[in-house]
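Let's take a walk through a protein model together. Have a look at the fold, and then we will go through it piece by piece.

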Amino acid sequence: MREIAFIKQNKEKWLEVENFILGKVKKNPDELSSLYINLINDLSYSQTFYPKSKTTVYLNYLSTQIYQKIYKTQRVKENRIKAFFATEVPLIVYENRKTLALSFIIFSLFVAIGMLSTLYDPEFSTSILGEDYINMTIENIKSGNPVGVYQSGSNWGTAFGIIQNNLAVSAKLFIYGIFGGLGTLYILMNNGIMLGTFQTLFYQYQSLGQSMRGIWIHGAFEIFAIVIDGFAGLVLGAFILFPKTYSRLHSFKSGFNKAFKIYLSTVPFIIVAGILEGFITRYALKMNIVLNLIIILGSFAFIGYYYLIYPKIVFQKTSKNFSQKTKS
């Protein structure tokens with residue numbers, strides 16, 4: 001069947017799904033099951049015969065939206081916080097996984113720019129980090145204590161200040177997505193270049209290994225959360241710029257809701273990162289390197305699993321459960 005004929009034959013069903021998602025019509029369980037099964041069948045057909053078509057993208061989007069809508073009622077019955085982290089956020093992340101990959105790519109490019117610029121321009125690090133901070137860091141390195149900057153202040157004072165600052169940066173990454181994602185890109189650029197510059201400075205003074213033992217104790221959660229909050233801002237920007245078949249206002253509301261939930265999901269990681277920086281990082285070079293690695297690699301594994309692997313597991317489980325229910 002030609003694609004245009006496929007669209008004409010099924011577009012009324014698809015519009016019915018759209019209206020249900022928008023809340024314009026209500027469906028009883030039997031009607032909803034039939035609607036979902038038909039949509040999945042259409043998606044399967046489209047993926048087979050028109051794999052690179054916009055029709056396939058559109059149907060995939062509809063199927064994602066409808067199962068989230070279907071499970072919304074069930075999630076309300078569960079523990080709300082548990083459902084939020086265990087199901088709701090992972091489904092949103094999976095739905096927007098391409099934007100997540102884009103956030104990682106963009107941030108990595110800015111980190112690379114910071115590294116290369118620092119290597120080839122002696123004055124670059126000073127322009128990014130400031131002369132006083134550079135001089136203090138060099139003095140710490142020469143005195144054999146590269147992570148000395150993390151040892152000033154009280155434990156709780158440092159932790160509270162860091163948490164407050166990082167929550168503010170994360171909120172800006174998300175909210176500045178309202179400018180079509182440009183504001184988010186700007187903050188990702190600043191943080192990426194700063195990170196690349198900072199780590200390269202230690203490399204130039206033969207202290208990269210020691211610095212990483214300290215910085216990444218809290219940095220695993222902190223930096224990863226920055227990328228995720230950048231992802232939230234890019235999601236918001238994408239929904240504003242590309243409303244698809246919805247009105248721009250409805251798309252904005254939907255995008256803001258999803259992006260805000262992504263941002264909220266990073267708050268616990270940011271708080272833990274602040275506590276680690278205030279209480280653990282300052283002792284990084286005194287602890288056994290094995291313990292360093294356990295904390296750093298364990299943190300990366302945990303947050304990486306939650307945002308990169310777990311969403312697909314939830315998506316597959318949710319789809320399978322619903323398919324079983326519709327067949328019974």
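In what order do the elements of the chain run from the N terminus on? They run α-α-α-α-α-α-α-α-α-α-α-α. In total the chain has 12 helices and 0 strands; helices (H or I, at least four residues) and strands (E, at least two) are DSSP runs, numbered from the N terminus. Please keep in mind that this is a predicted model, where local features need pLDDT of at least 70 and side-chain atom pairs count only at pLDDT 80 or more, while totals for chains, interfaces and linings use all residues. Residues are numbered from 1 along each chain as its sequence is written, and side-chain values use heavy atoms, leaving out hydrogens and water.

Now for the overall picture. Along the principal axes, the C-alpha atoms fill a box of roughly 75 × 40 × 30 Å. Of the 328 residues in the chain, 48% are buried; buried means under 20% relative accessible area, exposed over 50%, and partly exposed in between (1.4 Å probe, protein chains only).

Next, let's look at two helices side by side. Helix α9 (residues 182–204) and α10 pack at an angle of about 170°, with their axes 11 Å apart. Here axes are lines fitted to C-alpha atoms, for helices over the stretch in contact, and angles run from 0 to 180 degrees between N-to-C directions. The two helices are therefore roughly antiparallel, a label for angles over 145 degrees, with under 35 being roughly parallel, 65 to 115 roughly perpendicular and the rest oblique. Where they meet (heavy atoms within 4.5 Å), the residues include Leu188 and Phe198 in α9 and Ile215 and Trp216 in α10.

Aromatic rings are our last stop. The whole structure holds 28 aromatic pairs: rings of Phe, Tyr and Trp (its six-membered ring) pair if their centres lie within 6.5 Å, and planes under 30 degrees apart count as stacked, over 60 as edge-to-face and the rest as tilted. Trp156 and Phe279 have ring centres 4.9 Å apart and planes at 80°, so this pair is edge-to-face. Because Trp156 lies in helix α8 (residues 155–175) and Phe279 in helix α11 (residues 248–279), the pair ties together parts that are 123 residues apart in sequence. Trp156 is exposed, at 62% relative accessible area, whereas Phe279 is partly exposed, at 25%.

The rings of Trp216 and Phe300 have centres 5.8 Å apart and planes at 35°, so they are tilted. Trp216 is buried, with a relative accessible area of 13%, and Phe300 is partly exposed, with 33%.
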